Amino acid sequence: MSGRTLYDKLWDSHRVADLDDGSSLLYIDRHLLHEVTSPQAFSNLRLAGRKPWRLDTTLATPDHNVPTEGRALGLDGVADKIARAQISVLEKNCVEFGVPLFPLHDVRQGIVHVVGPEQGLTLPGLTLVCGDSHTATHGAFAALAHGIGSSEVEHVLATQTLRSRKHKNFRIQVDGQLADGVSAKDLALHIIGHIGTAGGTGYALEFCGSAVRALSMEARMTLCNMSIEAGARVGLIAFDNVTQSYVKGRPLAPSGAEWIQATEAWADLQSDPHAVFDRELRLDAAHISEQLTWGTSPEMVIPFDGRIPTLDMARDALQRLDWERALDYMSLQAGQSLLGLPLDKVFIGSCTNARIEDLRAAAHVVLGHKVHARIKQAIVVPGSGLVREQAEAEGLDLIFISAGFEWRDPGCSMCLGMNADRLEPGERCAATSNRNFEGRQGKGGRTHLLSPRMAAAAAIAGALTDPRSLSCNP
């Protein structure tokens, strides 16, 4: 008899009932809220006379719309009226319904997908949802996590359950050792370039292999975060000592006798040796290099020293049309190298790459250099107030500031252009965020996705470049 996958185990342990239409009702252990997708949910609860089923499983913090400078002014520092209203409504709703909140002035405030793990709200073996597609981030903890819509936010608040359909299982095994400088972001982009942005549709991705086991928890979060960009709502990594060490001592993590019981239960959070997967992919880590996107989709990616594919390399007419449109939007040519391509702005941040390890990697490249005169703006946005504090304690802020970067307060920032940090039409940006769609960072803006190390090097060079070309970082 074949064993079960990690996804199977998480699903089975949370399945409340199987419904007539083939879907199932799942129990939800944790729920993260932010200001964009929660107002309708709270409003409907109010209209129906309902209250949240449990308050100790939920945590809210504003992140999408928050300003990343002028934070001392509070809501008065939010210039956009709609953004200010959404943040204000979140605060009022949380007070009214008793939902725990990290508001703008709280040092724990930050991007939900940074805050959840940081606080220990995200734990192995749990189900976790949030009204944001990058909730797959939390699967790095061997947790079943994915994004939900506004109506589902209401349903989870009211019932602590969610109607879901089970996905198939897709194992992505990466063995060997990643080369120096190659990060989890590069690994994620390489995988997406290999299977495409629809390659994971209908699947729960499980990342495994010696190269994945060697990743830190922060790097694992980056990898799982990008699962949605491969079309999968769920990304998973099995529990191990790395997971346990990260979780231990977090404010909301178990302690004492409960910690011992929890770790014993978590030990089984891995796929059984004979588990059957519906699809599998094996990669050699040694063949993966630092990556750059050239187009308007994360799958339009090449090795940093490669060339944009020519149109005759498209798999079909539809992909050829996509490439033609992307090349036109990005003002690039088929067969072109990206190295030396001038930039206007550089953004280091987002739920993908705004943790302390990301900032350390970028600061290591920046040390001893200055932002190129060509760069109009280079900003570093920590993922939370606690990440910001730690970076400042290590002196990373001084490295960035002395080089000419702007050191900001936490938030989603330029990742999605819903706040004051955005691109102007025609501007080209190197960004550590997760999406490079048309207009994602601002109408008419052009985005190249890359790692923190690559983004830092680009700011110094004023163009997309090989980080090894900088004199003090061989």
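In this predicted model, the charged end of arginine 250 sits over the ring of tyrosine 246, 3.9 Å from the ring's centre.

The structure holds nine aromatic pairs. One of them joins tryptophan 294 and tryptophan 323 edge-to-face, with 6.1 Å from centre to centre and 80° between the planes. Tryptophan 294 lies in the loop between strands E12 (291-293) and E13 (301-303), while tryptophan 323 belongs to helix H11 (residues 317-330), so the pair ties together parts that are 29 residues apart in sequence. Are these two tryptophans buried or exposed? Buried means under 20% relative accessible area, so tryptophan 294 counts as buried at 2%, and tryptophan 323 is buried too, at 9%. Elsewhere, Phe239, Trp259 and Trp266 form one aromatic cluster.

In H2 (residues 39-48), the buried residues are Ala41, Phe42 and Leu45. They cover an arc of only 95° around the axis, which means they sit on the same side of H2. What do they pack against? Their partners are strand E3 (30-33), helix H3 (81-97) and helix H5 (150-159).

Helix H5 has its own buried set: Val153, Glu154, Val156, Leu157 and Ala158. What covers them includes H2 and E3, along with strands E4 (58-60), E5 (127-130) and E7 (161-164).

How values were computed
Residues numbered from 1 in each chain as written. Predicted model: local features only at pLDDT ≥ 70, side-chain atom pairs only at ≥ 80, totals over all residues. Heavy atoms only, no water. Buried < 20%, exposed > 50% of the residue type's maximum accessible area, 1.4 Å probe, protein only. Helix = DSSP H or I, 4+ residues; strand = E, 2+ residues; numbered from the N terminus. Arc of directions from axis to C-beta. Contact = heavy atoms within 4.5 Å. Phe/Tyr/Trp six-rings, centres within 6.5 Å; stacked < 30°, edge-to-face > 60°. Lys NZ or Arg CZ within 6 Å of the ring centre and 35° of its normal.
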